Amino acid sequence: MKRRVLIVDDVEDIRQMLRFMVEREGHIIVGEAANGIEAVEQYREHRPDITIMDIDMPLMTGVEAAREIRDMDDSTRIVFCSGGYSKFETPPKELRSEGSTFLRKPFLPAQLYQALAA
């Protein structure tokens, strides 16, 4: 099933890699954002099926952005991604739900594909 995906990461190379992986699986990229503020704006505009969200970003973290996005749509699916030096071992409790997945960078493509298919 094709899904509409928003990619959020402050590192352009990571966004490009995620774009390649997501499109390879036949999904559609509806937007990209480099920080949490842009993520909230892009979500509001495009209402994606899934948001792939980095946690540690400038201006507004992925956790803060996810809170705002969940206020718009509490059933939205978010795949959180975090590097090894993130202050979050897992997303805060209020962001863990059936619609959330947590991947630690670097992750295997199969892990992302599984999260997108869930």
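Four bridges join strand β1 to strand β3, and the two strands run parallel. Two strands count as paired if DSSP finds at least two bridges between them. Helices (H or I, at least four residues) and strands (E, at least two) are DSSP runs, numbered from the N terminus.

This is a predicted model, in which local features need pLDDT of at least 70 and side-chain atom pairs count only at pLDDT 80 or more, while totals for chains, interfaces and linings use all residues. Residues are numbered from 1 along each chain as its sequence is written, and side-chain values use heavy atoms, with hydrogens and water left out.

**Strands**

Strand β1 covers residues 4-8, and four of its five residues are buried. Buried means under 20% relative accessible area, exposed means over 50%, and partly exposed lies in between (1.4 Å probe, protein chains only). One of the bridge partners is Ile28 in β2, which faces Arg4. Between β1 and β2 the chain passes through helix α1 (residues 12-24), and this β-α-β crossover is right-handed. The term right-handed applies if, with the strands pointing away from the viewer, the path from the first strand over the helix to the second runs clockwise.

**Asp54**

Asp54 lies in strand β3 (residues 50-54). It counts as buried because its relative accessibility is 5%. Leaving out residues up to four places away in sequence, Asp54 touches Val8, Asp9, Asp10, Gly62, Cys81, Ser82 and Lys105. Contact means heavy atoms within 4.5 Å. An unreviewed UniProt entry carries the annotation "modified residue: 4-aspartylphosphate" for Asp54. UniProt positions are given in the numbering used here, feature names are shortened, and annotations may be inferred rather than shown by experiment.

**Salt bridges**

Side chains of opposite charge can pair when their charged atoms come close. A salt bridge is a side-chain nitrogen of Lys or Arg within 4 Å of a carboxyl oxygen of Asp or Glu. The count by this rule is six. The table gives some of them.

| Pair | N to O distance |
|---|---|
| Arg15 and Glu32 | 3.5 Å |
| Arg19 and Glu23 | 2.9 Å |
| Arg24 and Glu25 | 3.7 Å |

Salt bridges that share partners join Arg15, Arg19, Glu23 and Glu32 into one network. Arg15 in helix α1 and Glu32 in strand β2 are 17 residues apart, so that pair links distant parts of the chain. Arg15 counts as buried, at 13% relative accessibility, whereas Glu32 is partly exposed at 29%. Arg19 and Glu23 both lie in helix α1, four residues apart, about one turn of the helix. Arg19 is partly exposed, with a relative accessible area of 30%, and Glu23 is partly exposed at 41%.

**Helix α2**

In helix α2 (residues 36-46), the residues Gly36, Ala39, Val40, Gln42 and Tyr43 are buried. Seen down the axis of α2, the buried residues fall within an arc of 165 degrees, so they line one face of the helix. The arc is that of the directions from the helix axis to the C-beta atoms. These buried residues of α2 pack against β1, β2, β3 and α3 (62-72).
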